[in-house]
Structure formats: structure tokens, C-alpha cells
Amino acid sequence: MKIFTSLLLATGLFISSCAKKEPIIENVPGVMKISSTGACTVLIQLNSGKSLFPTNPDKVKPFLTDGRQVTVSYRSDKAFVSPCTGSDPALIENIR
């Protein structure tokens, strides 16, 4: 019975942690903005005017060319604070 209760509790925690994920915002066009100075070395300027600070830089590494047109799918990353004024921290799910 202890095993069953532990398994049930673990499953409940897993499901609740999955439910807290931010929704994915899909296929948004933008432009890579690369700077060699300051903390804001990589930003994605969306066509809407919103700026994203990627919190998973490994995902955007192949796209690090200033002015490169990209399309991104991302989640707001509430666990991170952007060092760039006016930009939102974002977990990049897909970029092309």
C-alpha cells in the first residue's frame, strides 16, 4: 500500500509540474540582434516590436548572425530575469 501511495503522489506531482508550463507561442517572425558589448549580446527582435532574451543560448547558436530573419516558437521563461531592459526572457522551443 505504501508503494501505491508513493507512486500516486509522484504521479500527481509530475502532472502538476507539467501543468505549470507556459504555453508555446508558435511561428513568430523576427530578426536576430547581436552585440559584442554588454549583457545583451543576443536578442530576437520580433516583428511585433517585442524583444526576446533567449535563456537557452545553445538553441540559437546556429543562427547568430546580426540581422538574420528567423521564425521562433517560444515559451515565456518566468524562472529567469533578463539582463536586457525591455526584453522578455524566453525559452526557445524552435527556431528556423
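Colleague: What makes the disulfide of Cys-40 and Cys-84 left-handed?

Modeller: In this predicted model, the torsion about the S-S bond of Cys-40 and Cys-84 comes out at about -135 degrees, so we call the disulfide left-handed.

Colleague: And how do you know that Cys-40 and Cys-84 are joined by a disulfide?

Modeller: Look at the sulfurs. A pair has to be within 2.5 Å to count, and the S to S distance here is 2.1 Å, so Cys-40 and Cys-84 qualify. The structure holds one disulfide. Cys-40 sits in the loop between strand E1 (25-34) and strand E2 (42-46), while Cys-84 sits in the loop between strand E4 (69-76) and strand E5 (87-95), so the bond ties together parts 44 residues apart in sequence.

Colleague: Why is Cys-84 called buried?

Modeller: Buried means under 20% relative accessible area. Cys-84 has 4%, so buried is the word for Cys-84.

Colleague: Then why does Cys-40 count as partly exposed?

Modeller: Cys-40 has a relative accessibility of 25%. Partly exposed is what lies between the buried limit of 20% and the exposed limit of 50%, so Cys-40 gets that label.

Colleague: Back to the strands: how do you know that E1 and E4 pair?

Modeller: At least two bridges are needed. E1 and E4 have five, in the antiparallel sense, so they count as paired.

Colleague: What about E1 and E2?

Modeller: Those two also pair in the antiparallel sense, over five bridges. There, Lys-33 has Leu-43 in E2 as its bridge partner.

Terms used:
Residues numbered from 1 in each chain as written. Predicted model: local features only at pLDDT ≥ 70, side-chain atom pairs only at ≥ 80, totals over all residues. Heavy atoms only, no water. Helix = DSSP H or I, 4+ residues; strand = E, 2+ residues; numbered from the N terminus. Buried < 20%, exposed > 50% of the residue type's maximum accessible area, 1.4 Å probe, protein only.
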